[in-house]
Amino acid sequence: MTSKSTFKIAVITLFPEMFTALNFGVVGRALKQGISELTYLNPRDEATRNHGYIDDTPYGGGPGMIMQAAPLLACIRKADKIFPHAYRILLTPTGQPMTHEHVKTLSQHRELIMVCGRYEGIDQRFTDLAHIDLELSIGDFVLSGGEIAAMALIDACIRQQPHALGDAQSAHQDSFCEGLLEAPQYTRPKILENKTVPSILLSGNHAAIRQWRRKQALGRTWQYRLDLLSRLKLSSTDQALLSDYQSELNQGEEHE
Ligand code: ADE
């Protein structure tokens, strides 16, 4: 299936082979089905110097090598011809921290270009001349290149495509969807090394299960990601559920 609605991504990378890691599970199936299509452009193929070199020492001195702007610009101009309406993303540790909001917005586009840097960085004139729309980082740490970050973004965006997931609802149930962490999940067996599944999940009472899950989601977010919780305006029902969670936690600790 290739249709007008195919989610198309051109990736500019020195290591296209790394992206074979996306050929598995949900994302692998979506690629096979044509829900999404990946195209690669390699700056090495655009090298202007002998032996395919595309890096050089930094002006002003300093350690490591810098990616030259010209081979990357040649790639982005080729990508432009294939995807004239593409939104341009550069993966870099100095970008905005990637969130579910970015993923939701980016997955609405039909054409994306993702640029993966390597070495100690990219000549700034590339970013200026290539009209990059958004610079994104997957965390406050430095990877050896943007490829793993691009793969994380591609995976998250493909999950959001209609029909990519078996159960159409599950992308909406993902953690962060409503700004909360997900409630814990359980499957068979009912008892594992003396640990039982919470009895409410076996009750068949769907309203009570929904409420329990909401309480767990609120409680976990309060415990582990206060930064997320502080961005939300909790309803009085949610506040009551969270208080319940907090007192149950205290009681649990008293009994230990
Ligand atoms: N390239 C190197 N480190 C990165 C990071 N943390 N996020 C995105 N791209 C990167």
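A polar contact here is a pair of N or O atoms within 3.5 Å; within protein, one must be able to donate a hydrogen and the other to accept it, and residues adjacent in sequence count only if both atoms are side-chain atoms. What you see is a predicted model, where local features need pLDDT of at least 70, side-chain atom pairs count only at pLDDT 80 or more, and totals for chains, interfaces and linings use all residues. Residues are numbered from 1 along each chain as its sequence is written, and side-chain values use heavy atoms, with hydrogens and water left out.

Now the ligand. A backbone N or O atom of Thr-92 sits 3.2 Å from a ligand nitrogen. For Gly-139, a backbone N or O atom is likewise 3.2 Å from a nitrogen of the ligand. At Leu-143, a polar backbone atom lies 3.0 Å from a ligand nitrogen. On its own the ligand has 260 Å² of accessible area, and the protein covers 97% of that (Shrake-Rupley method, 1.4 Å probe; for residues, only the protein chains shown count as cover).

Next, the shell. The ligand is surrounded by 13 residues, counted when a heavy atom lies within 4 Å. Eight are nonpolar, five polar and none charged (Ala, Val, Leu, Ile, Met, Phe, Trp, Tyr, Cys and Pro count as nonpolar, Asp, Glu, Lys and Arg as charged, the others, Gly among them, as polar). Strand β5 (87–97) gives the most, three residues; strands are DSSP runs of E, at least two residues, and helices runs of H or I, at least four, numbered from the N terminus.

Last, Phe-141. This residue lies in the loop between β7 and α5 (147–159). Why is Phe-141 classed as partly exposed? Because its relative accessibility is 45%, and the class runs between buried, under 20%, and exposed, over 50% (1.4 Å probe, protein chains only).
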